[in-house]
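Dear colleague,

I am passing on the structure we talked about. The sequence and coordinates come first, and my notes follow.

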Amino acid sequence: MKKILILISLCAAFCQTGCESKKEEKEEEVQFAVTSPLRKDTTITKEYVSQIHAISHIELRALEKGYLQKIFVDEGQFVRKGQAMFQIMPMLYEAEQQKAQAEANFAEIEYRNTKALADSNIVSKNELALAKAKWDKAKAELSLAQVHLGFTDIRAPFDGIMDHFQVRLGSLVGEGDLLTTLSDNSKMWVYFNVPEAEYLDYKTRSEKEGMLKVGLRMANNKVFEYPGVVETIEADFNNETGNIAFRATFPNPKKLLRHGETGNIQVVQSLKNALIIPQKATFEVLEKKYVYVVDKNNVIRSREVTIAAELPHIFVVKDGLKEDDKILLEGLRQVRENEKIHYKFVQPASVISNLSLYAE
């Protein structure tokens with residue numbers, strides 16, 4: 001009986017040893033992919049929320065009161081400079097012009113008669129000067145009447161696109177009443193806000209490279225086909241946001257862009273010797289980015305990194321890593337701090353060019 005118990009104990013011990021051995025072999029078989037940051041030249045695209053404005057966007061208002069007698073254009077229509085748009089009933093102003101014309105004619109005849117008498121020394125020079133002053137006054141009143149009459153004929157001050165009407169045919173409009181708005185969309189001004197640090201970088205580059213060329217991603221996520229140029233920077237920073245407004249000018253020959261649209265300005269920037277890592281090699285804690293760094297004893301430790309820029313699937317690292325550091329590429333959720341791991345090293349260039357192959 002004792003021999004049987006000893007035999008059973010030995011078998012159990014051998015079984016336990018074998019299981020532990022297999023478990024250790026299994027643990028040894030778990031290998032994690034590890035890589036290093038890659039140093040290379042690259043480009044990044046920064047985007048800024050923007051507001052799109054026509055280079056000229058004005059309100060057309062009535063300069064005289066009266067009934068709106070004619071509308072020669074339609075909402076949304078493209079009009080040429082000098083084209084008739086509205087007419088306010090001109091009869092009263094036509095009558096005033098005719099009256100002023102008659103008074104000017106009378107004053108002219110009176111002046112000429114007085115001049116003839118003055119030339120014959122029948123009347124004094126003072127009487128001639130008085131007649132001349134009456135004629136000048138009558139001509140001024142005629143010019144004023146013509147100006148008032150002209151105000152009843154409202155024409156386009158420049159080529160542009162009509163907005164909707166604020167009044168309808170037959171409406172009684174007062175002096176200064178809004179009729180519509182007109183936009184010159186031949187070029188567009190696109191405003192976007194830039195942080196102070198980026199403004200300083202831009203000013204440094206512009207001294208060497210000239211004006212900054214930018215793109216525009218429209219609301220439908222398509223890129224506008226014509227590039228723009230940053231021509232103007234506002235004078236002051238916004239103390240609440242720390243930003244300053246830039247203005248880019250875009251040609252708009254097809255009239256695709258309209259006043260009041262929104263979009264995103266795209267600024268492409270070249271980076272020399274940038275240190276890049278896959279985004280998937282990072283994790284976030286309290287809005288800070290971390291990576292797992294593998295030390296010489298194959299122990300992983302988390303390390304905070306500062307991100308300078310973001311590209312599709314890639315982060316450009318500003319601080320926290322060196323080129324020869326080894327970072328965990330996959331299995332970030334399967335490991336713990338200060339854990340010793342087995343890994344296989346993957347060349348950084350291969351990782352960057354085949355990021356989808358290492359998706360978790």
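To begin with a single side chain: is Leu 172 buried or exposed? The model is a predicted one. Leu 172 has a relative accessible area of 58%, and because the cut-off for exposed is over 50%, Leu 172 counts as exposed. This leucine sits in strand E8, which covers residues 172–173. Together with Tyr 67, Met 89 and Met 91, Leu 172 makes a nonpolar surface patch of about 420 Å².

Next, the largest pocket. Its volume is about 340 Å³. The lining has 18 residues, and those closest to the centre are Lys 46, Glu 198, Asp 201, Arg 205 and Gln 269. Two or more lining residues come from each of strand E2 (38–61), strand E9 (178–195), helix H4 (196–209), strand E13 (262–278) and strand E16 (300–311). Helix H4 gives the largest share, 5 residues. By class, the lining splits into 12 nonpolar, 1 polar and 5 charged residues.

Two of the residues closest to the pocket centre, Lys 46 and Glu 198, also form a salt bridge, with 3.7 Å from N to O. Glu 198 belongs to helix H4 and Lys 46 to strand E2, so this pair ties together parts that are 152 residues apart in sequence. Glu 198 is partly exposed at a relative accessible area of 23%, and Lys 46 is partly exposed, also with 23%.

The count of salt bridges comes to 14.

- Glu 323 pairs with Arg 39, the closest N and O atoms being 3.8 Å apart. Glu 323 is in the loop between strand E17 (314–319) and strand E18 (326–328), while Arg 39 is in strand E2, so the bridge ties together parts that are 284 residues apart in sequence. Glu 323 is partly exposed at 45% relative accessibility, and Arg 39 is partly exposed at 37%.
- Arg 61 and Glu 59 meet through their side chains in a salt bridge of 2.8 Å, N to O. Arg 61 is partly exposed at 38% relative accessibility, as is Glu 59 with a relative accessible area of 46%.
- Lys 132, Asp 136 and Lys 139 are linked in a network of salt bridges.

Regards

Conventions:
Residues are numbered from 1 along each chain as its sequence is written. This is a predicted model: local features need pLDDT of at least 70, side-chain atom pairs count only at pLDDT 80 or more; totals for chains, interfaces and linings use all residues. Side-chain values use heavy atoms; hydrogens and water are left out. On a 1 Å grid over the protein atoms alone, a cavity is a set of points where a 1.4 Å probe fits but cannot get out, and a pocket is an open set with protein on both sides within 12 Å along at least five of seven lines; lining residues have an atom within 4 Å of a point. Grid points are joined across faces, edges and corners, and a volume is the space filled by probe spheres set on the points. Helices (H or I, at least four residues) and strands (E, at least two) are DSSP runs, numbered from the N terminus. Ala, Val, Leu, Ile, Met, Phe, Trp, Tyr, Cys and Pro count as nonpolar, Asp, Glu, Lys and Arg as charged, and the others, Gly among them, as polar. Patches are made of residues with over 30% relative accessible area and no salt bridge: like charges are joined within 9 Å, nonpolar side chains (Val, Leu, Ile, Met, Phe, Trp, Tyr) within 5 Å. Accessible areas come from the Shrake-Rupley method with a 1.4 Å probe; for residues, only the protein chains shown count as cover. A salt bridge is a side-chain nitrogen of Lys or Arg within 4 Å of a carboxyl oxygen of Asp or Glu. Buried means under 20% relative accessible area, exposed over 50%, partly exposed in between (1.4 Å probe, protein chains only).
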